[in-house]
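Please keep the sequence and the coordinates open beside them.

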Amino acid sequence: MTVISTTTNPETLSLTLVAEFDADVERVWQVWEDPRQLERWWGPPGYPATFEKHEFTPGGEAGYYMTTPEGEKPRGWWRFTRIERPHRLELDDGFADENGSPVEEMGAGHVVVTLEDLAGRTRMTVLSTFDSEEQMTQMLEMGMEEGMKEAAGQIDSVLASHAHA
Amino acid sequence: MVVDQLDDTGIDRLFQALADPTRRDIVRRVTLGEYSVSGLAALYAMSFAAVQKHVAVLERASLVSKEKRGREQIVRGNHEGLQSVRRLLDEYEEIWRQRAARIADILAEEPKNN
């Protein structure tokens, strides 16, 4: 099984995905580093991604568009904020206008990818948040992590009982 | 609010509403029990008006509902609103699950010499 676990938290607008692959860390790193491989998996079937720019260095930017079945080309941008080959990659991402410029009012998300060696296999963890890392860090420092987890569990049970009502 | 028919404006509102730590804290509290606006205002180092504004943003995003009771305005969590956030995250989760599956497919191909 490729995907080991996924966790979503509606209050932090975050998703954590853990997946394991039958390939070594160097090989898995390539699917992020090489834009030709990246565009084969980034977009869903029928919405291929084309990376026109892929500056894979800290501070570098990437620009891509997806082609929809209707022929539209929605654009996105990335900014690589941290690259530690081949174990860690961080980037900000967001929507871009037709010239590829970030649409500021749409905000930015943040993605942290870590690759761990499991004796020749690779565990990839993707943490994606729809918020700034600063805010998240601030919250953790305020000691709210546990409270958040608890609240999320309670929201789930509230929602579950609500659904049956 | 019909959660199945959230349009783009509704989605933007939801995400913007939750992109603030104070508003997330308000949502967390009022989901567990109702609060008056003044009760909430006492919890944060900001003015009553500022807290009222946060509540208004959450109300527009259908994450909380507000009701006048005597002199107080009572705020409580709107479960449908929270459920639509979860639904959006579930969709996003599915996107990433599929991406991981496609990566596995690429890795399963004949090793390339780079």
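1. Chain B has five helices and three strands (DSSP runs, H or I of at least four residues for helices and E of at least two for strands, numbered from the N terminus), and along the sequence these follow the pattern α-α-β-α-α-β-β-α. This is a predicted model, in which local features need pLDDT of at least 70 and side-chain atom pairs count only at pLDDT 80 or more, while totals for chains, interfaces and linings use all residues. Residues are numbered from 1 along each chain as its sequence is written, with chains lettered from A and ligands numbered from 1 in the order in which they are written.

2. Of the 114 residues of chain B, 28% are buried, that is, 20 or more other C-beta atoms, placed from the backbone, lie within 10 Å of the residue's own. Where contacts in chain B (C-beta atoms within 7 Å) join residues at least 6 apart in sequence, 57% of them link residues at least 24 apart.

3. In helix α1 of chain A, residues 25-33, the buried residues are A:V25, A:V28, A:W29, A:V31 and A:W32. They lie on the same side of α1(A), because they cover an arc of only 150 degrees around the axis, taken from the directions from the helix axis to the C-beta atoms.

Methods:
Buried ≥ 20, exposed ≤ 12 C-beta atoms within 10 Å, placed from the backbone. Contact = placed C-beta atoms within 7 Å.
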